[in-house]
Amino acid sequence: MRAIAVFLLLAIFPLVMQAMDNLFYVSFASRVLIYAIAATSLNLVLGYGGMVSFGHAAFFGGGAFVVGILAVEGLRSAWIAWPIAIAVAALAALVIGALSLRTRGVYFIMITLAFAQMIYYIFVSLKSYGGDDGLQMPGRSTLGFGTLGNDLVWYYVVLCILAAVLYAMHRLVHSRFGRVIAAIRENEARAEAIGFPVYRYQLLCFVIAGGIGGLAGALIANQSSYVSPSLLHWIQSGTLMIMVILGGVGTLWGGVIGAAVLLGLEHLIADYRIAWLAKLAPNYQDHAGLAVGIVLLTIVMLAPEGISGFFGRRRHA
Amino acid sequence: MLELRGVSKRFGGVVATDDVTLEVTRGEVHALIGPNGAGKTTLIGQIAGVLATESGRIIFNGADITRQPAHARVAAGLARSYQITSIFRRFSVLDNLALAVQARSGTSFHFWRPVLAERALFDQARAIAGEIGLSTRIDAVAATLAHGEQRALEVGLALATQPQLVLLDEPMAGMGPEDSQAMIALIAKMRERVTVLLVEHDMDAVFRLANRISVLVNGRVIATGAPAQIRADPEVRRAYLGEELAA
């Protein structure tokens, strides 16, 4: 019920903005929703699966580059390019996961990070596809009808995909598979001892999350028709991780809340000048990261279970 | 049913199990006793498949399982319980047991249908809860259970996988007399349908439950036989039982 109310609000939002002649916020909101999808996919491995992957940017940025490169090469249909982005990201997750999941703890964190950084450097050195400068696409993907170029249409497409991803996640975590994943997070040795092949379940969870991450990447490439290699950088992995922790690890809405709060904060600090603060530190807005950090610290200290903890929902066991 | 042939395990230079040959026959409660550090838990780990076996063979129902991973052995009907309680602490009792039932009832690579719709899983889990005396506690979160209840759940998780042979590693560890009696009753009841390999320090329990006893000292089996035989064996008395019986 609450989910339906939230989606109704999100559906009305652009109409209100249009009435107020403020379409910038529609575009900004699309960006937030795309990050919400990416953070939600990370939450599946990190929160529900208990696998602290520090390389999720590989799938997010990877999906973006697949769509970007295909567009530059003339393949602009969303029906073809996006599934390819998902498949490539899932395949990358299969390879990275198959090797990383043989390790545990800090080693797992470092290996996933290392893989993602390798992919980052590969794309930075791919001069034919932009290299450092990133890749400019000829425009958004095409659907065969209507146009994704319209920011309102684009917003609703992204919103529908987010709704579908959240619903699928909801089904997944309450399915047999979801229970096994949660059990492995709780007590891996015992999960194996009652007969679950732990490695296979973890790997599949990693692959599903990678695929959804690739889908989010396909969307972010379309958001501004530009693919930056920074989407693959470890800072991107860190940003997604902060969103998940901020919103609520292992909660359905954690990724959405985290993305909204983090991106909202960054925007507020950069765009609204606080007079008294500016007197003390005239260029404080150039160092938004510091201010964001302080706010994040406060939130995490006050809500160790993430913001969704405030809403009184129990963590999924 | 279960046959160990010359099974050994070394940790660096330390020999934990040394050329162990042992047979557990269908329908019996076979107790494995021995002083602390004799290698009992190591042997359980090797049979369960958590510890690699470097030399020797493990045969279960006629099939060589020496190289099989732990989860495959459970699928073949071999379950274990732990000496140090290992349960899903943030799950309810019912969810703990339902999960173990799920592990042995078809594939769990289902991504869409809610588990809660599978009545059969939870019916079986409730039946197991009744068996282990936790009927009234099924909704309690496992971490909040009393020690004796957690031990019962520990054994219940093994039972819920519907094993043919269950390895119980000191099920009575840390229990008071009352809980111990309940556990003895539980094992006495489960023997009707499950073969049991029981590691236990409580000699009262061992002599009441076991059909046969094997004695492990310094990683070696020094004797196997009926309880009366073991009680009378001079070597066993010297190596182990003397101190226990005197205590």
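In this predicted model, strand 1 (residues 2-11) of chain B runs antiparallel to strand 4 (residues 55-60) of chain B, and five bridges join the two. Strands here are DSSP runs of E with at least two residues, helices are runs of H or I with at least four, and both are numbered from the N terminus. Two strands count as paired if DSSP finds at least two bridges between them. On the strand 4 side, B:Leu2 has B:Phe60 as its bridge partner.

Strand 1 of chain B is also tied to strand 2 of chain B, again antiparallel, by seven bridges. Here B:Leu4 sits opposite B:Leu22, and B:Lys9 faces B:Thr17. The two strands make a hairpin with two residues between them, and B:Gly12 in that turn has a positive phi of about 60°. Put together, this part of chain B is an open sheet of four strands in the order 2-1-4-5, with antiparallel pairing. Strand 2 (14-24) and strand 5 (63-64) are its edges, each pairing on one side only. Helix 1 (residues 40-48) of chain B lies across strands 1, 2 and 4, at about 65° to strand 2. Such angles run from 0 to 180 degrees between N-to-C directions, using axes fitted as lines to C-alpha atoms, for helices over the stretch in contact; contact between two residues asks for C-beta atoms, placed from the backbone, within 7 Å.

A note on the ground rules: residues are numbered from 1 along each chain as its sequence is written, and chains are lettered from A and ligands numbered from 1 in the order in which they are written. Because this is a predicted model, local features need pLDDT of at least 70 and side-chain atom pairs count only at pLDDT 80 or more, while totals for chains, interfaces and linings use all residues.

Chain B has another open sheet, with six strands in the order 6-7-8-3-9-10 and mixed pairing. Neighbouring strands are turned by 15° against each other on average, direction ignored. Within this sheet, strand 7 (residues 165-169) and strand 8 (residues 195-199) pair in the parallel sense over five bridges, with B:Asp169 opposite B:Val199. Helix 5 (residues 147-160) of chain B lies across strands 6 and 7, running at about 175° to strand 6.

Helix 5 of chain B includes B:Gly148. With 18 C-beta neighbours inside 10 Å, B:Gly148 counts as partly exposed; buried would take 20 or more other C-beta atoms, placed from the backbone, within 10 Å, and exposed 12 or fewer. Leaving aside neighbours within four places in sequence, B:Gly148 is in contact with B:Met175 and B:Asp179. Its C-alpha atom is separated by 8.9 Å from that of B:Met183, 35 residues apart along the chain.

Over in chain A, helix 1 (residues 2-19) has 18 residues and reaches 26 Å from its first C-alpha to its last, close to the 26 Å expected, where the expected span is 1.5 Å times one less than the number of residues. This helix bends by about 30° at A:Ile12, with A:Pro14 following within four residues; the bend is the angle between axes fitted to the seven residues ending at a position and the seven starting there. Just after the helix, A:Asp21 takes a positive phi of about 60°.

As for how the chains meet, the contact takes 28 residues from chain B and 20 residues from chain A. On the chain B side, helix 3 supplies the largest share, five residues.

The largest nonpolar core has 172 residues, and those touching the most other members include A:Ala36, A:Val67 and B:Leu97. A nonpolar core is a set of buried Ala, Val, Leu, Ile, Met, Phe, Trp, Tyr and Cys residues joined through C-beta atoms within 7 Å. Beyond four places in sequence, A:Ala36 has contacts including A:Leu162 and A:Gly255.
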